[in-house]
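Trainee: I am new to this structure. Please show it to me, and I will ask as we go.

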Amino acid sequence: MAATCTARVHIQEPFRKAEKKNFGVTKAVFYPRRNTNLIKLKKRSFSVVASGTAPLNVDTINGRKVNGTYVGEAAIIGNMISEPHKESGVDAPLHAILLGRFVEERFVYRQTFIIRSYEIGPDKTATMETLMNLLQETALNHVTSSGLAGNGFGATREMSLRKLIWVVTRIHIQVQRYSSWGDVVEIDTWVDAAGKNGMRRDWIIRDYHTQEIITRASSTWVIMNQETRRLSKIPEQVREEVIPFYLNRLAIAPEKNDNEKIDKLTDKTAERIRSGLAPRWSDMDANQHVNNVKYIGWILESVPINVLQNYDLTSMTLEYRRECRQSNLLESLTSSSETLAEDSNSYNNRRPDLEFTHLLRMLADKAEIVRARTKWHSKQNQQE
């Protein structure tokens, strides 16, 4: 069933002069199709198609077959071009660029976001949790826009048939600069193989207006059986679905990535322990376990308050070891680490002022949930 609403159509100057008599209030009919919104005028002069080109019936992407599955284009509004920030002298409508789209021959998925007031911290800039949420949103929309999405949360069709889901095992994010409230950011994401049974997903975040890269991130994912909660090999049918999207590119150069093992904290080695952390129903995701991003807030619960106030979190590595349910009570452990040398693998070879090792574990049996490492830079030093 189509939904109707009243809309006012803006006609460009040359056309308005030619069709002045036909300018007025229109009735828009929105059909529940992804790529076509047809606006019909009460008067019989013309009609306006508000979406981009109709999708082609293709069964290949990036030159490879995708199991005969239709792969649709990301939605396009009005006359938006593929690179709106490069229009000569005119920015594309903001609502147009907020919809994700494929670039670079469909190997890269790009989406644009505005930093909202509820996504900033006390210093009026985006938080690490905000960045992680935006990365996760872009990744899920990448899968959906590819035409491969099944009925699972980010799972492909072949994965859904086998009751399989993706779970992240490790993620590393490096922040050069945090965006402020109202800033517009542009996120690119792509995937590649990670060993025989894993997948790597990378992201870069740019300032939309300056195109400066302000954040880089890389992650590793494996497949889990949704019912048994056990890890699984990637079925060949699933591999055939995702291989056409693989791009051999790294967001973070190997020498600047944090691939070192994260040491386990214990009651003896931890300097600070925060107990009694309880997941809420709203912390659960569609796969019925705690959302990966929620762990960040609990990890930072055991960081000294003066660090949170006076330092920027510029690098974070999370190593996920098991999932967490709503009924679990948690403990957050933190201990300071030795300061890195100048020629270390820290972001842009800048020496962090502080480094911490973290552990999030079950309160009842001390089972590990997440190990983490964070690096911090003094806000005062960065202003000098």
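Trainee: Which residues touch the most other members of the largest nonpolar core?

Mentor: This is a predicted model, in which local features need pLDDT of at least 70, side-chain atom pairs count only at pLDDT 80 or more, and totals for chains, interfaces and linings use all residues. Residues are numbered from 1 along each chain as its sequence is written, and side-chain values use heavy atoms, with hydrogens and water left out. A nonpolar core is a set of buried Ala, Val, Leu, Ile, Met, Phe, Trp, Tyr and Cys residues joined through side-chain atoms within 4.5 Å, where buried means under 20% relative accessible area, exposed over 50% and partly exposed in between (1.4 Å probe, protein chains only). The largest such core has 61 residues, and those touching the most other members are I173, Y295 and L318.

Trainee: Where does T127 lie, and which residues does T127 touch?

Mentor: T127 sits in the loop between strand 8 (108-114) and helix 3. T127 counts as partly exposed, because its relative accessibility is 23%. Contact means heavy atoms within 4.5 Å; not counting residues up to four places away in sequence, T127 touches E119, I120, G121 and Y178.

Trainee: Which residue just after helix 3 takes a positive phi?

Mentor: The phi in question is about 90°. The residue is G147.

Methods. Helices (H or I, at least four residues) and strands (E, at least two) are DSSP runs, numbered from the N terminus.
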